[in-house]
Amino acid sequence: MILHGYAGKILWVDLNRMEVREKELDRDLLKLYLGGTGYAARILWDMLEAKIDPLGPENLLIAATGPLTGTLCPSSGSIEFCFKSPLTGIFGEARAGGTFGPKLKFAGYDFIVIGGKSEKPVYLYVGDGYAELRDATHLWRKNVHETTDIILRDLDEPDASVACIGQAGENQVRFASIMVDYDRAAGRCGGGTVMGTKKLKAIAVNGHGAISAAKPDEFFDAALDAINAIKIRATKGMGEHGTLGGLTALNESGALPTRNFKTCYFEEAEKVSGQTLSERYLIKKRSCFGCPIGCGRYIQVSAGKYQTPPHEGAEYETVNMLGVQSMIDDLEAIIKAGYLCNIYGLDTISAGNVIAFAIEAYERGIITDKDTDGIKLRWGDPEVIMTLIEKIVNKEGIGRLLAEGVKSASERLGKGSEEFACHGKGLEIPAHDTRGTAKSLVIQYAIGNPRGACHIEPIWAPMWDFSKVDMGLRKYGLPWPPPSRFEETGVRRGEAYKLLAFFGELAGILGICRFPLLAAEDQNLNLDRLSTLTTTLTGFDLKPQDLLRISERVYNLKRCFNVREGVDRRSDRLPKRVMEPLISGPTKGVKVENLDGMLDEFYDAVGWDRETGIPRKEKLIELGLEDVANEIWKSRSSKQEE
Amino acid sequence: MIKSLVVIPDRCMGCHLCELACSQEHYGVMSIERSRIHVVRLHHQPVDAPIFCLQCGLCIASCPVNAVKRDPKTGAIMVQEERCIGCGNCVHACPYGAASLDPATKKALICDLCGGDPACVKACPVDALKYLDADLAAKYKRINFSRLQTVVR
């Protein structure tokens, strides 16, 4: 029987033995997890022993697509990488757009699972129903763009897609990214680091097959309906000036974090806005596979000190973290810094965060000229950014410390630097703030499920309490109207965040970008549309409630993975910096007052034990995760009985 | 008036939805290789462009078994699949790389304008692909061909 919507196979790669083999997808697991990060989470739960070294050969790197990947469903050009993170020590996932995911499915594989460690540099080639490991000695020490160029030339397949690492991954910087199609980043959690430890320089895929729908005509109609709903956002919304288009509005709302999260207001915001980018540096808009929004910016600084070749870059997170965060108002310098991170394969968010941390530590005398080899780490100085990027990538001088991530760096420095090391569970906080943006981010960053403090996985929760957009979730129980973004407890935050998280989790499971979810229900992929698309594609009966049930299962499984690594309520914390009052701008004085109250409300809503923050045994059994429940609660039940 | 398929290339973002719509319309599957329109992206240059049949008809004479004809209603090239022997002569004859062979059936893939209601146009989210009266379409065609004469410095 054909599995509609899937390629049907998993590619297993053992780098210890240099072996590649195929396995069929497990239908029973598909019914429970559907695909994408859900199916991958189950593989990681089953295959990884607790507490393994993420830098060791026993770690697995999974490239995951979902049923919607590569189809006519809008924004389906998705690839999710899942692994145990060398940055956080918990579940790691990072997504990129581009064409890699679709090409993988067209080649006949839904997933690639890579374990072991090669002795010499290799890359994996995946063609139609075929894969092999190839020597990559000639690619080692090459940057991302060079590597991609060489592979495409050697293959003589200009339509292949390449995911690779740069020097940051080779050098095992803890926040090295996996770069797809030159400039699309699976940035977070150190997926590139895992590739580096395995001596896996790249994965090149090129497939020419097809994906079929169970009900082709109905699926086509549903996809055209969705494309038509979303396409307005190409010109009015994220597509118009890219993700950077919202920067000035965030600033006016006091929601633009700067100066290592001391304030959410930047006087020079206009200089680094999406409008400025469009006027001066935009060559054209570029979309990922299947995307009607097209937030990608093909840009260039054509002359001057910060000249770059044409490339895709300057999205909001990068501009904020590598620029605004360190009070830099020179957009050309920020574009260059982002370009450097892209070619070296360095996560721009973590890099920007740890650089701002270093500047503050220097200001306070915790880092001195001796540590920096005489470089003055000043706010607003682009040369500091350029220099520190190079030092981090090459682990030179102070870069060796910063390459470990902000959590480790602050623990080693001590002297109170932990208080302004802005991370959740070891993942550097991105460019949306707990106080300036919305209190929904307090829960999201503190819970940090699955990957630590992240603004977008599982979802950009402030759609609810900042943007006041229900995304079609009101009829599925999203509390409405939303409270003020600054209110904390007693305003149904727990219930709201539960539904928002489950909704967002679906994007990773189904194998699509999260952006098409983030809009009003007449302009987004809402639950009803997702239900129609997945049902007509796969032939499984997937009502909106069924989809939410699957994502609830996946969300809980990922939490259990993290619990097994030592996460519990005590780790659901935030550093002092993002709790204390903001010092200026429209949100001056806003602080986080009752973290624990908000956590209690969330644990209650989601069925997790208040005392420990662990999913309750009954909840896990109800979700069909009895074996997981037994393992998680095995060591604890005896303690509870005492 | 007869209509023509044209592209307004400044608008194309390279999303590939036209390719999937084409294969879905003709074969009920989503496949960029079974599409009759092909999106080309040049990574180091600002080029995202759908390449498709301009209905010039050079392939008609190239076919050794007379499998390629023109539909008088739409003006589109029609491949009679039962006759096609997959020799590739039409692919060779096409100056634009718009013709190809279906990897599944080994028959020629040439745009038939979906009988006058092109699926690619319906799926294009940025209106880069248009199916316009021939007279208006010609204005866009002129713009596109004028670029071939642009001196790039």
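Helices (H or I, at least four residues) and strands (E, at least two) are taken here as DSSP runs, numbered from the N terminus. The structure is a predicted model, in which local features need pLDDT of at least 70 and side-chain atom pairs count only at pLDDT 80 or more, while totals for chains, interfaces and linings use all residues. Residues are numbered from 1 along each chain as its sequence is written, and chains are lettered from A and ligands numbered from 1 in the order in which they are written.

Two strands are said to pair if DSSP finds at least two bridges between them. Strand β15 (residues 296-299) of chain A meets β16(A) in the antiparallel sense through two bridges, and I299(A) has H311(A) of β16(A) as its bridge partner.

Strand pairing also links the two chains. Strand β13 (residues 211-212) of chain A runs antiparallel to β2(B), joined to it by two bridges, and I211(A) finds its bridge partner in M30(B) of β2(B). Across the interface, 24 residues of chain B are in contact with 28 residues of chain A, contact meaning that the C-beta atoms of two residues, placed from the backbone, lie within 7 Å. On the side of chain B that touches chain A, α1 (17-27), β2 (29-30) and α4 (119-123) of chain B each supply at least two residues. The largest share of that side, five residues, comes from α1(B). By class, the side of chain B that touches chain A comprises 12 nonpolar, eight polar and four charged residues; Ala, Val, Leu, Ile, Met, Phe, Trp, Tyr, Cys and Pro count as nonpolar, Asp, Glu, Lys and Arg as charged, and the others, Gly among them, as polar.

Turning to the helices, α2 (residues 36-47) of chain A has 12 residues and spans 17 Å from its first C-alpha to its last, close to the 16 Å expected at 1.5 Å a residue (1.5 Å times one less than the number of residues). The buried residues of α2(A) include Y39(A), R42(A) and L44(A); a residue is buried if 20 or more other C-beta atoms lie within 10 Å of its own, exposed if 12 or fewer, and partly exposed in between, with C-beta atoms placed from the backbone. Helix α2(A) packs against α20 (residues 493-510) of chain A at an angle of about 80 degrees, with the axes 4 Å apart. This makes α2(A) roughly perpendicular to α20(A). In this contact, G36(A), T37(A) and G38(A) of α2(A) meet G508(A), I509(A) and L510(A) of α20(A).

Some backbone details of chain A also deserve a look. A cis peptide bond, with omega about 5 degrees, joins N449(A) and P450(A), and P450(A) sits in the loop between α18 (440-447) and α19 (462-465) of chain A. Another cis peptide bond joins W480(A) and P481(A), with omega about 0 degrees; P481(A) belongs to the loop between α19 and α20 of chain A. K468(A), also found in the loop between α19 and α20 of chain A, has a positive phi near 55 degrees although it is not a glycine. K468(A) is exposed, with 12 other C-beta atoms within 10 Å.

How values were computed. Axes fitted to C-alpha atoms, helices over the stretch in contact; angles between N-to-C directions. Parallel < 35°, antiparallel > 145°, perpendicular 65-115°, else oblique.
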